[in-house]
Amino acid sequence: MLQAEKKSLIQFVSVFVGLNIIFLVILSTLYYNYQKKIYTEILQDEMIYYTETAYESVYYAQNIADLDEYLLHHPKFDIAMMDKNKNIIYPNPAPFKVKFKQGFFREDTHYFFIKTIELENIENIHYLIVRGDAIDEELNKTKQTILIVLIFSIVFFGAVIFILSKIFLRPLRQYIELLNKFITDAIHELNTPISVLSMSLETMEVDELSQKNLKSTNRMLIATRTLSHLYNDLTFTMFSSEHYPVQKTNLKELILQRIDYFMPLASTKNLSFTKELRECEIMINERLMGRIIDNLLSNAIKYNKKNGNIKIELNENSFSISDTGIGFDQSKSKEIFERYKRFDNSNGGFGLGLSIVKSLCDLYDIEIEAVSKIDIGTTFTLTWNNSRIIHT
């Protein structure tokens, strides 16, 4: 599965499952509250009915001692009677305590129903109380049922949307694979003509050329190096690996070598270089460090003004390249390292260079910072800790 397809699939399934969970939780909460209301109403009806039945059974009792004989008991409920001062006088001792309230109510783990009564022959009994257990057991069973259905629904809908997503994404994956194959083949096919063209121009006997042909040859050399730089970026993007051997690299020599390489391109804008380079050796893959320097130099040349300057500083733990170019809004200093991000479309390119620089800096624990002012210029600064830069 392609990385982009995998990412899209995970995001789509995550969003769907997340929304599904929210919907099911809301539905489950509504169902739970409805069931709770139903259980409560059933219990209330049963207690009221029993209260009426018990009241009728003792209505003609002659005295309190007769209540044991006349009172109709219920297996689910306890019953008691109060005097007008809300004291339980039957049975004695009182089977439970309760704060007096009229009607149906809950206290702690029990429900109560209190009814005002008047008996034919027993004047000091004024209230009949019925106590029932709470409906926690029924509600716990409901919770367990809801939880099982919830888990099953999430797993079921998650699996269904995963399978459907893979089916829907299959044409996109085939198209991406076809496009990648075309790009890969195209890059391979470009290698030979670029190498031949570059080698022919590098080894050309320029002393024998006329002034006109010398200018044409110089333009061809610039175009070839620009093409070669773009080819290297594309190759790195398509075929990069995370395992590169490291070696002791003299950064000063490498920087001077890359400046020399880009000198023809810089000359088209009549750019000057200011170099403050100290001796510096670090353990790093020289080819990858060359890509960092190349991309920053190319960027400084591409976005510089005519007759501008490029200042390069190298110290033991830092390296910076400053240009006098068009600059960019400082608030976009993070976005500029995103792949395919370009703030100026007039200079060509694919927006790969700085994203490659950032990924390589991350690979070697090198911190990179961009400071820029519009119409003043941009400075890229790389800082590192020599004890951490070795990549294994």
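Two strands are taken to pair if DSSP finds at least two bridges between them, and helices (H or I, at least four residues) and strands (E, at least two) are DSSP runs, numbered from the N terminus. The structure is a predicted model, in which local features need pLDDT of at least 70, side-chain atom pairs count only at pLDDT 80 or more, and totals for chains, interfaces and linings use all residues. Residues are numbered from 1 along each chain as its sequence is written, and side-chain values use heavy atoms, with hydrogens and water left out.

Strand S4 (residues 110–116) and strand S5 (residues 127–133) pair in the antiparallel sense over seven bridges, and within this pairing the bridge partner of His-110 is Asp-133 in S5. Both strands belong to an open sheet of five strands with antiparallel pairing, in the order S2-S1-S5-S4-S3. Strand S2 (88–90) and S3 are the edge strands of this sheet, each pairing on one side only. The twist from one strand to the next averages 35°, where axes are lines fitted to C-alpha atoms, for helices over the stretch in contact, and angles run from 0 to 180 degrees between N-to-C directions.

Lys-86, in the loop between strand S1 (77–82) and S2, has a positive phi of about 65° although it is not a glycine. Pro-93 is found in the loop between S2 and S3, and the peptide bond from Asn-92 to Pro-93 is cis, with omega near 5°.

Side chains of opposite charge can pair when their charged atoms come close. Nine salt bridges are found in a search of the whole structure, a salt bridge being a side-chain nitrogen of Lys or Arg within 4 Å of a carboxyl oxygen of Asp or Glu. One of them is formed by Asp-136 with Arg-106, whose closest N and O atoms are 3.6 Å apart. This pair links distant parts of the chain, with Asp-136 in helix H3 (residues 136–202) and Arg-106 in strand S3 (residues 103–107), 30 residues apart.

A second open sheet of five strands has mixed pairing and the order S7-S9-S10-S12-S11. Strand S7 (272–277) and strand S11 (367–373) stand at its edges, each with a single partner strand, so one side of each is left without a neighbour in the sheet. Direction ignored, neighbouring strands of this sheet are turned by 10° against each other on average. S7 and strand S9 (residues 309–314) pair in the parallel sense over six bridges, and Ser-272 has Asn-309 of S9 as its bridge partner. H5 packs on the sheet, touching S7, S9 and strand S10 (318–323), and its direction makes about 180° with that of S7, contact here meaning heavy atoms within 4.5 Å. H6 lies across S7, S9, S10 and strand S12 (377–383), and runs at about 20° to S10.

The axes of helix H5 (residues 251–267) and helix H6 (residues 286–302) come within 10 Å and cross at roughly 40°. H5 and H6 are therefore oblique to each other, since angles under 35 degrees count as roughly parallel, over 145 as roughly antiparallel, 65 to 115 as roughly perpendicular and the rest as oblique. Residues of H5 that make the contact include Leu-251, Ile-255 and Phe-262, and those of H6 include Met-289, Ile-293 and Leu-297. By class, this contact of H5 with H6 has 11 nonpolar, two polar and three charged residues, where Ala, Val, Leu, Ile, Met, Phe, Trp, Tyr, Cys and Pro count as nonpolar, Asp, Glu, Lys and Arg as charged, and the others, Gly among them, as polar.

H6 also meets helix H7 (residues 353–363), and the axes of H6 and H7 come within 9 Å and cross at roughly 145°. Among the residues that meet are Leu-288, Ile-292 and Leu-296 in H6, and Leu-354, Val-357 and Leu-360 in H7. The contact of H6 with H7 has nine nonpolar, three polar and one charged residues.
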